[in-house]
Amino acid sequence: MIKIGQLNTLTVVKEVDFGIFVDGGSEYGNILLPKRYVPKDTRLGDEIEVFIYFDSEDDIIATTETPLAHVGQFAKLNCINTTPVGAFLNWGLPKDLLVPFSEQRMRMQENHSYLVYLYLDNASGRIVGSTKFNKFLDKTPARYKVGEQVHITVVEQTDLGFKCAINDSHWGLIFKTEAFGKLFVGKSLKAFIKQIREDGKIDLSLQKLGKGKVDDLSDKVIRTLEMKGGFLPVTDKSSPAEIFEIFRTSKATFKKTIGSLYKERRIRIESDGIYLIK
């Protein structure tokens, strides 16, 4: 079954001067992959991975180019044009992505970037974008477990913290007290399920929960010290920004970790930094 707006592995069924055709099944028939996108030495019967979408003539077409996002994903894209029907954003393919006016929370402007969610319009079957995210998230039961690692996209900064999309499917929140490093709208990163509340709301953590985060960081500190000749110019007095730059963790977790390593006599802590004990 062909998935519009997704990668599909399809069989080459015909060669022509201007490209090849891949098998789109009974629904779409043969789908053109233009010559400029055909991998070298491609032959009849080969299976190739292609992205399927509709071109500027609204004909179904295949490409081996990689768009900035697939259907069902978030992406921060630049608006390159506005028209009476909506805004057009660059998503890495020859045909720009339309965000209809009806799908804009605020009117988009040229040369500004916006976080959008890509979906298939039921009426036209075309790929479009939206900034009205509530229509697409929390539509299925959240079956996460506390401590589970997930993929998140930062969607909005609020008074409480950072509102995030979990696995492009559910809402979650990183509280201000749990946030560290550079978080901004559109940033994608890994996180962990910290708590699922009785009302279904999900709290997130940027670090593993409990002792696991200290154990992981302990290994990372030792490996980094070994790579740096046994010395790093950071201590528990270093700024959170300095610590995050090296270890991508909070200062609190870093202090617990080097405290444990010190007690285990694997490092020594001096005023200028930490030293590996060999």
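Q: Hi! In what order do the three strands of the open sheet come, and is the pairing parallel or antiparallel?
A: Hi! This is a predicted model, and in it the order is β16-β18-β17, with antiparallel pairing.

Q: Which are the edge strands there?
A: They are β16, residues 231–232, and β17, residues 267–270. Each of them pairs on one side only.

Q: And how many bridges link β16 to β18?
A: Two bridges, and the two strands run in the antiparallel sense. Strand β18 covers residues 273–276.

Q: Which residue stands opposite Phe231?
A: That's Tyr275, which sits in β18.

Q: OK, which helix packs on that sheet?
A: Helix α4, made of residues 251–263, touching β17 and β18. The direction of α4 makes about 120° with that of β17.

Q: Let's switch to Leu225. Where is Leu225 found?
A: Look in helix α2, which runs over residues 211–227.

Q: Is Leu225 buried or exposed?
A: Leu225 counts as buried because its relative accessibility is 0%, and the cut-off for buried is under 20%.

Q: What is Leu225 in contact with?
A: Setting aside neighbours within four places in sequence, Leu225 is in contact with Gly230, Phe231, Leu232, Ile267, Ile274 and Leu276.

Q: How many Å separate the C-alpha atoms of Leu225 and Leu137?
A: They are separated by 43 Å, and the two residues are 88 residues apart along the chain.

Q: New topic: where does Gln104 lie?
A: Gln104 is in the loop between β8 (97–100) and β9 (113–120).

Q: What does the side chain of Gln104 reach?
A: It reaches the backbone oxygen of Val99 at 2.9 Å. Val99 is also among the contacts of Gln104 beyond four places in sequence, along with Gly86, Ala87, Thr131 and Lys132.

Q: Let's zoom out. How many helices and strands are in the protein chain?
A: There are four helices and 18 strands.

Q: What does the C-alpha trace span along its principal axes?
A: About 70 × 45 × 35 Å. The radius of gyration of the protein chain is 24 Å, while a compact globule of 278 residues would have one near 19 Å.

Q: Last one: what share of the residues count as buried?
A: Of the 278 residues, 42% do. As for the accessible surface, the protein chain has about 15,800 Å², and 48% of that belongs to carbon and sulfur atoms.

Notes. Residues are numbered from 1 along each chain as its sequence is written. This is a predicted model: local features need pLDDT of at least 70, side-chain atom pairs count only at pLDDT 80 or more; totals for chains, interfaces and linings use all residues. Side-chain values use heavy atoms; hydrogens and water are left out. A polar contact is a pair of N or O atoms within 3.5 Å; within protein, one must be able to donate a hydrogen and the other to accept it, and residues adjacent in sequence count only if both atoms are side-chain atoms. Contact means heavy atoms within 4.5 Å. Two strands pair if DSSP finds at least two bridges between them. Axes are lines fitted to C-alpha atoms, for helices over the stretch in contact, and angles run from 0 to 180 degrees between N-to-C directions. Buried means under 20% relative accessible area, exposed over 50%, partly exposed in between (1.4 Å probe, protein chains only). The radius of gyration is taken over C-alpha atoms; the globule rule is 2.2 Å times the number of residues to the power 0.38. Accessible areas come from the Shrake-Rupley method with a 1.4 Å probe; for residues, only the protein chains shown count as cover.
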